[in-house]
Structures are given as structure tokens and as C-alpha cells.
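User: Got a model here that I'd like to walk through. Can we take it piece by piece?

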Amino acid sequence: MIAIVCPGQGSQKPGFLTEWLALDGVRAHLEELGEAAGLDLVHYGTEADEDTIKDTAVAQPLIVAAGLVAGRLLGDRIGPGRDDLVFAGHSVGEITASALAGALTEADAMAFVRTRANAMAEAAAAVPTGMSAVLGGKEDEVLAAIEAAGLTPANANGGGQTVAAGTLEQLAALAEHPPARARVIPLKVAGAFHTEHMAPALEPLRELVPRLSPADPVHPLLSNADGEPVTGGAANLESLVAQVCRPVRWDLCTRTLLERGVGQLVELPPAGTLVGLAKRGLKGVPALAVNTAAELEQARSILDLRPRAHRVRRPPRGRSSRSAPPSRTVRLARPHEGATTPVVTLKQQQTNAHSRILGLGVYRPDVVVTNDDVCQWIESSDEWIQQRTGIRTRHRAAEDVSVLDMSEHAAREALAAAGLEATQLGAVIVSTISFPYLTPSAAAALADRLGATPAPAFDISAACAGYCYGIAQADALVRSGAADHVLVVGVEKLSDVIDNSERSISFLLGDGAGAVVVGPSETPGIGPSVWGSDGSKWDAIRMTHPLTDIRAVEQGRERTQSPDLLDPETGEVREDATLWPTLRQDGQTVFRWASWEVAKRAQEAMDVAGVQPEDLSAFIPHQANMRIIDQMAKTLKLPESVVIARDIADSGNTSAASVPLATHRLLTEHPELSGKLALQIGFGAGLVYGAQVVVLP
């Protein structure tokens, strides 16, 4: 099944029909539709500014006309005789869908939308009203907050998006006291549509109805009332009238599309809004927004394929490990049946050609720990620490600041930088070794906090290479089509897993978080990942003992064999032993491996990306030790023009957060590097490494 969907008010943009006028017959068609609406739709669709086309009396006829123009260009591909199409429209888009499905003539559709738009504009002028989108939060809490503000949930869009409507004062109250973990965003509409405020618009529409000639739709046409197919032309027209005061249940339309096994969604112009909702509500279903002539050709090609009537439910996006372009199919015979049994054609997910980092955010804790502070715990000096490591200070999180708190702050900053909402995330990945729960994951809790549920969410335990591992997986998810936007967070509260009195690693470590959003790109933004491990050095960076030793000690001190807990003379657990496992490292082993072996992997990342050292603008290695950074740069023979990240001086070693934090400082100090190439590499406990050449956000 192919769903043809038509957007509602707010989808229009200045000049969105300009390119369409070059297509045969479009200008004449627009002029014809404009005459029926009493508007110069050619002007409004190509020359008018944003404020002009925001006017309800203009916006609604313009949106319906755009969909009808696209429908005529698709021609017989969406005409009678096909049993694989289903139509639906959001709000005023339901009028467009009704005409394309054969329930209204074009002339009747334009007459209806003209009357509707003028009547709703007059109703909106009576009392200052508006609408706001509530993104994220838990559904029951969102609805309770909307009701408490005296508002109406005018659009239930699904995917964590509800639109509230009412007076401007009520909307301001909701914005001041939003639901937990939700954002309130005002919409560019001048009225509280689909509420009691639109009641004055009912009578003009009822007076118009007897002059129209509705027909039974030739294709299934879903109603905004309940998401079910309309029962006939007259019933559909009656529902369209009532719709101006009745909430739009797009979530129920989405549910019906899922139940009918829709395998492709095509949104007609001005497209984008419903495709965005489909990414949440129809996970795994390819969705095409038709806004250009090229996208119109794509729609024609999709419709020309004429999928088989047999329907196969697509796996939800993010749960399939294989994907391929839409044109590729896998044909499987049904088991336990004869050779003449028809085969089922399985569709695979639509791919993205490339990916890139779209936005970056960080969290640096307020508590700054100097070398002099460290020297209160270990016998050392500021001079020695700076000479051996390059570290002057490191940040430590307050006791009441958690891994999730830091992750959320960085993630929201990254989403804002990318211009995205959490509801648009197709996956959430958190790289950390300091989340205090073995299960469930930090990522699942973070997704809930952000309002990204039900996006797939999982943690990575790859220590200082964790962020680069996350980038490798996000790149693969986006390019495979398994997710359009992936949040990658590197976060550590290492102050929870160190013993301040030991000298091998604790004085190096800091806390913090960095996050990025990876999404599709027209050009390559993330090079091939070079990643791997060397488990022969598994104990070079490790915890002092396993968690099971805590239980062993509680049940009987003689049951543990961990040398860090035992008295070497008696073989029994020391009275002063710290049961909580903490980090240790063999510094010389790590230094030699990182300076020489890891540098080879960095060179390999450049090689597979087809990049020479002089092509780079920045080098962003894991901030383990300034001497390691200098040695790697020397081994790679980086020219002086390459800016090297040295965040370690002020932030210390933050493990999985290291590379994104260093990237943020680099771009803050050198904003001209945005859009340039950088080599990034993480390496640490495992031992593990991961590297990519990326375009900086």
C-alpha cells in the first residue's frame, strides 16, 4: 500500500510554488483554482511574503491548490482502478485528500476551502487565539497540563507531539508552566483551530453544503475524526464541516496506515510536516516529501512500481540490521508450500547517501580541581603534573549531578544546534563507563527525559574510544536508512570511580559530557571508521576488582582473590580495603601503545577517507596526555596549518566525553574551522580504538 498524504496549515513557505510554474500546465491550473477561490494563487505561491501567506484566508486555499496541482501532475498514477492506495490529509489537507480520492470535485474543494478559510479567519479575529505544539513529555502529563491551562488538545499528532489551542493568555500560561520534559513551541497560525473558538465558522459551511456534489471516494480516505475510512461522500462532507471545531486525530490515521501495511508514504506539497511525523509514527516506512520537480519524478517512479496487493508489514525502523535502496528487493518463497506458491516481495529500508554531524553540545561541570588540589591527595606538585601530562585543571561534577543530568544538558544543546526536536531522533546512543547501573541503559533513560521515546536506545562501553564508536554506529544507522537522526553522547562522571589517593590515573581524570546529532547529508560528512581492539592488553587500564568481589566479601572475606583487596602477608581482605572498584592503569604500556600503534590507526583513517595530512584543518585526539598528543601529531607528520585540540590542559582526561568536549573548545576558539575536515580518534581501556575523518559542524 502507498499512502498519499496532504499537509495542513503552517506547511506553506514563501515562494514554494515558484519552481512548479516551469512545469507544463501548472500556471493555467493554478489560475483556474485561484479563480474558484477568488485569489491570485500564482502571486501568493511565488511572490508573497511569509506574513501574507500566514493569513488563514490565503494559506488554506493555497495549500489545497498546491496539492491539487501535484495530484494532476501524477495523473492516472493516483486515479481509479488501483487497489494499493490510501489517502489522508491533516486538517485543511483533508479537503485536498478528499478531492484526490474522488469524494469532491476540484471546483467543490476550492469552494469549500474558500468558505472555510474566510469563516475561520473571521472567527479567529473575534478573540485573539492561537496554537502551540507541545513536544515530548508523557502523554497523560501533557494532556493534564493542557487541560489545566484551559486549552484544547486540537491536534493529536502522535510521536510525542500534541498541539494545544486556545486564547493567547492560556497559551502563555502553558509556556510558562510546560509539562515535565516537554517543550512548548508557538505555531504560525492565527487562530485556535479545531476548538469551540471556531464555532462561528460552522454555519457558513452548512449553508454551502447543499450546493456541492459529494461522491463516494474511489480510494480509501481516512477521516481526521477517528482515523477510519469514510463511509461515503455525504458522510465525508458532513465530517469536513464538523472538523473545524473537532480535534484532528492524526495519531489514529497513522495507526490505520500501519494496520493496512503501508510500505511507502508520499506527502504532496507543501511537504515535510507529515513526513516528519511519519518518521516517528511509521518507523521503517520510506517517506517522500514532494516539494520539487525532481521529487515529483521520484513520486511518479514509486507509483509506477505498482506494488503487489499482498501486504507485508515492514519492521520498525531501528530494529532491522539490513537495509537497501527501495529498488532492491529480496524474494522469499513461503515455507512448507509447493513450488507454484507465489513468492512474497520484502521491501527494505530507504537509504541515505551520506551522513554528517549536524549539531554539537557539551556540559562542563562547575567545580574546577587544580593541580594544587590534587596534591592534597597524592605526593606530587603542580610543576610535575603539568610537565608529565600537560594538565592544569580538571572539572568534577557536584555530588548531586548525575551522568544523566550531564547527558541531558549536552543533548539538548546539540539538538538546538542541529535545529531538531527530540521527537525527530531515530536512535539514542550513550558512551560511558561511569553510569552506576549495569542495566537498564543510560540511553533509554535519556531518551525518555528528552522526549525521544520510542527511539531505540543503547549504551556503549568502549571507554575513551566510546564516542568514536558511537559515531561509527550513528553513521551506519543513518546511511542504511535505519534512522534519519541519531544522538551520540559521550559522558563520564569518573570522580565516582576513582581513588583520589592513588597515582596511576586518578589525578588525570575529569567529568563532563559531549553530544552530537548525526543526520543525512547530500555530501560525505563522516569518513569510513577505523576501529578495533587489542585484548592482549586488557589489564593495562582496568577496575581494581569485579563487582562480584563486593558480594564475595559480604558473604565471607576469604572468598575473594583480588590482590587489590588482600593483605599480601595474610591473604585475607584488608580492613582498610576499598570495596568500591576504582580505576588503575599501567601508564608506560598505555603511553607506548597510544603513541605508536594508535597513531598507525589514525593514519589508516586518513588513508581510507582519501585524505592527506595537508587536507586536514584540525586534529582532535582523545585527551589522554599532552605528551601522547604531541607524539601522535609528530608521527602523523601533521603540518603547522593543522590546529590540534589541547582541551586536556583545562579539562583533564574525560574518557568518552573527551573528543566531543575537545571539539567544542576547538570550535569555540576557532569558529572558522566549522565545515572543515578534522581527524578524530579515541583510544583507551580494552584496549580499543576508533577513528574517523569528519566535517566539523
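User: Where does E297 sit?
Analyst: E297 is in helix 13. Keep in mind that this is a predicted model.

User: Is E297 buried, exposed or partly exposed?
Analyst: Its relative accessibility is 41%, so E297 counts as partly exposed.

User: How far is E297 from L74 in space, and how far in sequence?
Analyst: The C-alpha atoms of E297 and L74 are 9.0 Å apart. In sequence the two are separated by 223 residues.

User: What about the helices, at what angle do helix 4 and helix 13 cross?
Analyst: Roughly 50°. The axes of helix 4 (residues 56-74) and helix 13 (residues 293-304) come within 10 Å. Helix 4 and helix 13 are therefore oblique to each other. The crossing is right-handed.

User: Which residues make the contact?
Analyst: On helix 4, A70, L73 and L74. On helix 13, L296, A299, R300 and L303.

User: And by class? How many are nonpolar, polar or charged?
Analyst: Six nonpolar, no polar and one charged.

User: On to packing. Which residues touch the most other members of the largest nonpolar core?
Analyst: L30, F87, I95, M110 and F112, out of 75 residues in that core. Helix 4 gives the most to this core, with eleven residues.

User: What does M110 touch?
Analyst: Leaving out residues up to four places away in sequence, M110 touches L33, A36, A37, L41, P61, V64, A65 and L68.

User: What other core lies apart from that one?
Analyst: One of 46 residues, with V374, L583, A599 and A649 among them. In soluble globular proteins, nonpolar side chains tend to be buried together.

User: Backbone next. Which residues does a cis peptide bond join?
Analyst: P269 and P270 are joined by one, with omega about -5°. P270 is in the loop between strand 7 (264-267) and helix 12 (273-281). Another cis bond joins T453 and P454, with omega about 15°. P454 is in the loop between helix 17 (442-450) and strand 15 (457-460).

User: What is phi of S91?
Analyst: Near 60°, a positive value in a residue other than glycine. Most residues other than glycine have a negative phi. S91 lies in the loop between strand 2 (85-89) and helix 5 (93-100).

User: Is S91 buried or exposed?
Analyst: Buried, with a relative accessible area of 9%.

User: And K637, what is its phi, and where is it?
Analyst: Phi of K637 is near 55°, also positive. K637 is in the loop between helix 21 (626-636) and strand 22 (643-644). K637 is exposed, at 70% relative accessible area.

Technical notes: Residues are numbered from 1 along each chain as its sequence is written. This is a predicted model: local features need pLDDT of at least 70, side-chain atom pairs count only at pLDDT 80 or more; totals for chains, interfaces and linings use all residues. Side-chain values use heavy atoms; hydrogens and water are left out. Axes are lines fitted to C-alpha atoms, for helices over the stretch in contact, and angles run from 0 to 180 degrees between N-to-C directions. Helices (H or I, at least four residues) and strands (E, at least two) are DSSP runs, numbered from the N terminus. Angles under 35 degrees count as roughly parallel, over 145 as roughly antiparallel, 65 to 115 as roughly perpendicular and the rest as oblique. A crossing is left-handed if the near helix is turned anticlockwise from the far one by less than a right angle, and right-handed if clockwise. Contact means heavy atoms within 4.5 Å. Ala, Val, Leu, Ile, Met, Phe, Trp, Tyr, Cys and Pro count as nonpolar, Asp, Glu, Lys and Arg as charged, and the others, Gly among them, as polar. A nonpolar core is a set of buried Ala, Val, Leu, Ile, Met, Phe, Trp, Tyr and Cys residues joined through side-chain atoms within 4.5 Å. Buried means under 20% relative accessible area, exposed over 50%, partly exposed in between (1.4 Å probe, protein chains only).
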